[in-house]
Amino acid sequence: AIHRLNAILETGAHAEITDMNYDDAVRLAADMADRHGWTLVQDTAWEGYEEIPQWIMEGYSTLTSEIEDQLAEQGGFMPTHLILQAGVGSFASGVLGAFALLWGDRLPITIIAEPEAAACIYASAQAGDGKVRVVGGSLATIMAGLACGEPNVLGWPILRDYAVAYASCQDSVSACGMRLL
């Protein structure tokens, strides 16, 4: 963490390490940006903060063109399944939304996977009413970049409408997968 902090500080940006969970740190950063006239760049969206998260989701969608190129090189092979990781859901919704536009009815079975300790997308899907759910607590997981308890409200409708299944994964399963890979 200290290496990342130093790299950010070297750009001239303000940065600090807190003991807050991800969502509380986002609120702190948004408050500081408001107070100091800074621009907040982060992928959780809420009412009044939607443009930059939308751009980030669009950025994630560019991965689909690379995947399309690789599939074409393999003779047009189509995957049967997509498993997309979710923190707030911006990555997953950016990729899934682009593939839904590209592939339409040929969209593979799509599964959204996230850490058990921070399974806000899973909780939202499990509720079955189409609304986002927030999970709280420390959100502690070895999947540090996915330790988010509040879904991106722009991305959730894409995940709700196009994913077929949602999974929360224990850290022990992720650790096993990391060792295998």
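Colleague: Which helix gives the most to the lining of the largest pocket?
Modeller: Helix 2, with seven residues. Bear in mind that this is a predicted model.

Colleague: Noted. Where does helix 2 run, and which other helix supplies at least two residues of that lining?
Modeller: Helix 2 covers 22-36. Helix 1, at 2-10, also supplies at least two.

Colleague: How many residues line the largest pocket, and which lie nearest its centre?
Modeller: The lining has 29 residues. Nearest the centre are Ile8, Glu16, Ile17, Tyr22 and Ala25.

Colleague: And how much space is in there?
Modeller: About 1,200 Å³ in the largest pocket.

Colleague: How do the lining residues divide into nonpolar, polar and charged?
Modeller: 20 are nonpolar, seven polar and two charged.

Colleague: Switching to packing. Which residues touch the most other members of the largest nonpolar core?
Modeller: Leu84, Ile112, Ile121 and Leu159, out of 18 residues in that core. Strand 1 (81-85), helix 5 (90-103), helix 6 (120-127) and helix 7 (156-162) each supply at least two of its residues. Helix 5 gives the most, with seven.

Colleague: Let's take Ile121. What does Ile121 touch, leaving out residues up to four places away in sequence?
Modeller: Ala86, Gly87, Val88, Gly89, Ile112, Glu114, Pro151, Trp156, Leu159 and Tyr166.

Technical notes: Residues numbered from 1 in each chain as written. Predicted model: local features only at pLDDT ≥ 70, side-chain atom pairs only at ≥ 80, totals over all residues. Heavy atoms only, no water. 1 Å grid on protein atoms, 1.4 Å probe; cavity = no way out; pocket = protein on both sides within 12 Å on 5 of 7 lines; lining within 4 Å. Points joined across faces, edges and corners; volume = space filled by probe spheres on them. Helix = DSSP H or I, 4+ residues; strand = E, 2+ residues; numbered from the N terminus. Nonpolar A, V, L, I, M, F, W, Y, C, P; charged D, E, K, R; others polar. Core = buried A, V, L, I, M, F, W, Y, C linked by side-chain atoms within 4.5 Å. Buried < 20%, exposed > 50% of the residue type's maximum accessible area, 1.4 Å probe, protein only. Contact = heavy atoms within 4.5 Å.
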